Amino acid sequence: MTNKVYTINYWLKNPEGKIVDTSEGGEPMRVLIGGTETIEGLQKAVEGRSVGDRLDVMIPPELAYGARNPDFVTAVDPALFDLDTLEPGMKFQTNTGETTQIIQVVDVHQDRVVVDANHPLAGLTLNFEIEVISVEDAENEIS
């Protein structure tokens, strides 16, 4: 079977139904079945769908960004930061070898800075509304 690439518009909603992220007004998302760029739950949701299909789908954490890992919340040396401008909620990109990761500052103290390296959506069930715009063979796609 040939892999497929689904191009979709999406609306990610919080538990109250409020849109928190969307492709509307921007670039649609490309979902390569079997690829590594899109969460497994979205791949499963669109696989086998046709152009024009609209669906609401709830994706559990294990098919999205996984469970929150308490080991990813850690205290680091405050010398790594400018404490005068550092505030909880700030996000930073870190690079370790070939891995890029976003960390969020949780708490700031003179002797330590607490950071969280969990994905912001880890541990959450994701509620998507999806519209399939196109379906193509993925013969030359790279995951």
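**View 1. Surroundings of A117 in the predicted model.** Leaving aside its neighbours within four places in sequence, A117 is in contact, meaning heavy atoms within 4.5 Å, with F72, Q101, I102 and I103. The model shown is predicted, so local features need pLDDT of at least 70 and side-chain atom pairs count only at pLDDT 80 or more, whereas totals for chains, interfaces and linings use all residues. Residues are numbered from 1 along each chain as its sequence is written, and side-chain values use heavy atoms, with hydrogens and water left out. A117 is found in the loop between β8 (113-116) and β9, where helices (H or I, at least four residues) and strands (E, at least two) are DSSP runs numbered from the N terminus. With a relative accessible area of 17%, A117 is buried; buried means under 20%, exposed over 50%, and partly exposed in between, for a 1.4 Å probe and protein chains only.

**View 2. The nonpolar cores.** A nonpolar core is a set of buried Ala, Val, Leu, Ile, Met, Phe, Trp, Tyr and Cys residues joined through side-chain atoms within 4.5 Å. The largest such core holds 18 residues, of which I8, I59, F128 and I130 touch the most other members. Two or more residues of this core come from each of the elements β1, α1 (40-46), β4 and β9. Apart from it lies another core, made of 7 residues, among them F81, V105, V115 and the A117 of the previous view. In soluble globular proteins, nonpolar side chains tend to be buried together.

**View 3. I8 and T7, and the residues around them.** When neighbours within four places in sequence are left aside, I8 is in contact with S23, P28, M29, V31, V46, I130, E131, V132 and I133. T7 is found in strand β1, and at 10% relative accessibility T7 counts as buried. With sequence neighbours within four places again left aside, the contacts of T7 are P28, M29, R30, E131, V132, I133, S134 and E136.

**View 4. Q43 in helix α1.** Q43, which is found in helix α1, has a relative accessible area of 10% and is therefore buried. Beyond its neighbours within four places in sequence, Q43 is in contact with V31, L32, I33, G34, G35 and T38.

**View 5. The salt bridge of K4 and D137.** The structure holds 8 salt bridges, each being a side-chain nitrogen of Lys or Arg within 4 Å of a carboxyl oxygen of Asp or Glu. One of them is formed by K4 with D137, whose closest N and O atoms are 2.6 Å apart. This pair links distant parts of the chain, since K4 lies in strand β1 and D137 in strand β9, 133 residues apart. Both partners are partly exposed, K4 with a relative accessible area of 28% and D137 with 41%.

View 6. The side chains of E129 and R54 meet in a salt bridge with an N to O distance of 2.4 Å. Here too distant parts of the chain are linked, with E129 in strand β9 and R54 in strand β4 (residues 54-59), 75 residues apart. E129 counts as buried at 18% relative accessibility, whereas R54 is partly exposed at 46%. The side chain of R54 also meets that of E131 in a salt bridge, at 3.8 Å from N to O. Because R54 lies in strand β4 and E131 in strand β9, this pair ties together parts that are 77 residues apart in sequence. E131, at 24% relative accessibility, counts as partly exposed. Through shared partners, salt bridges join K13, R54, E129 and E131 into one network.

**View 7. The largest pocket.** About 360 Å³ of space lies in the largest pocket. Of the 14 residues that line this pocket, M29, E37, I39, Y65 and L121 are the closest to its centre. The elements that give two or more residues to the lining are β1 (4-13) and β9 (126-137). The lining divides into 10 nonpolar, 2 polar and 2 charged residues, where Ala, Val, Leu, Ile, Met, Phe, Trp, Tyr, Cys and Pro count as nonpolar, Asp, Glu, Lys and Arg as charged, and the others, Gly among them, as polar. On a 1 Å grid over the protein atoms alone, a pocket is an open set of points where a 1.4 Å probe fits, with protein on both sides within 12 Å along at least five of seven lines, and lining residues have an atom within 4 Å of a point. Grid points are joined across faces, edges and corners, and the volume is the space filled by probe spheres set on the points.
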